[in-house]
Amino acid sequence: MPTDPAAATTGHIARTAYGRFAPSPSGDLHLGNLRTGLLAWLFARSTGRGFLMRVEDLDRVKKGAAERQLADLAAIGLDWDPPVVWQSQRLALYDAAIESLTAAGRTYECFCTRREIQLAATAPHGPMGAYPGTCRDLTERAKQQRRDEGRPAALRLRAEVTEFTVTDRLFGEYRGAVDDLVLRRGDGTPAYNLAAVVDDADQGIDQVVRGDDLLPSTPRQAYLATLLDLPVPEYAHVPLVLNTAGQRLAKRDGAVTLRDRMALGESAQQVLGVLAASLGYTGATTPSALLEQFRPEHLPREPWTLDPNGLLQPSSYP
């Protein structure tokens, strides 16, 4: 297996279907991120798909983080098909998708401030967190007034449904809320939901494996894909990793990155073995060895609680 990002992107085989992992370079990956990346790799490779790496660097970018993330993924033995895609280099694709939706009358300007949106999201109407359409039917005069006040305008989707159903490999049919999601932020940056949908289709990605905290946003993305006449991928939302307080794991929870663990004297192979054990597999210290045992139907459905103080002790995993 390769030990550096450059080596990890060799040996390309032409394929027509792919899975992917798409981290945001906001800092080093913690073990929960690595576990999800490992699962995305296992799902793709076990179904004969290629595997792609995408750096979602439109927001929250920390210098050097992407390179460290790729190095850590390679260090635990993951490989991927070239090239690594950077969203910041694909702005024209997102602009074209937005122009298509706008030409079809499916967008509108939104002048709401962040606070106004937060207050609207807690109002006793509509699905939790759904945008209530405050700016959907503004008159031209009202729009101009907001421009004169110096309010930047985001661009939202004019959704025609309030719910949409997707099929998930682990959850089955899931019906969730759809609202007028942001397509382009007020600062001109393409929004995550739009970019992910456009990228997945453009890259031939028909399998999306990610943390189950993103399941509620998936109906929005699937609906948006249908409006753009793009295929909806197969989804698998996998359980998260939690800290000992039952909260989603974060880098503030101690020695929870690969580099932290290696600084304590543990090897990348040992860490990979712990991640495999958390999925119910023992004795595997490489992704290839784990792939021989991998069965999606046997995956745990509950979160994994990680105590970094006893990570390599038998009691730290099922």
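Let's start with two helices: α1 and α9 (residues 268-278) pack at an angle of about 70°, their axes 10 Å apart. Helices here are DSSP runs of H or I with at least four residues, strands are E runs of at least two, and both are numbered from the N terminus. Axes are lines fitted to C-alpha atoms, for helices over the stretch in contact, with angles from 0 to 180 degrees between N-to-C directions. α1 and α9 are therefore roughly perpendicular to each other, a label covering 65 to 115 degrees.

On the α1 side, L31, L34, R35 and L38 make the contact, and on the α9 side V271, L272, L275 and S278; contact means heavy atoms within 4.5 Å. By class, that's 6 nonpolar, 1 polar and 1 charged residues, where Ala, Val, Leu, Ile, Met, Phe, Trp, Tyr, Cys and Pro count as nonpolar, Asp, Glu, Lys and Arg as charged, and the others, Gly among them, as polar.

A word on the source: this is a predicted model, where local features need pLDDT of at least 70 and side-chain atom pairs count only at pLDDT 80 or more, while totals for chains, interfaces and linings use all residues. Residues are numbered from 1 along each chain as its sequence is written, and side-chain values use heavy atoms, leaving out hydrogens and water.

Now the sheet: it is open, with 3 strands in the order β1-β2-β3 and parallel pairing, pairing meaning at least two DSSP bridges between strands. β1 (18-21) and β3 (85-86) stand at the edges with a single partner strand each, so one side of each has no neighbour in the sheet. Between β1 and β2 (residues 50-55) there are 4 bridges, and F21 stands opposite M53 in β2. Helix α1 (residues 31-46) packs on this sheet too, touching β1 and β2, with its direction at about 145° to that of β2.

Conventions:
Angles under 35 degrees count as roughly parallel, over 145 as roughly antiparallel, 65 to 115 as roughly perpendicular and the rest as oblique.
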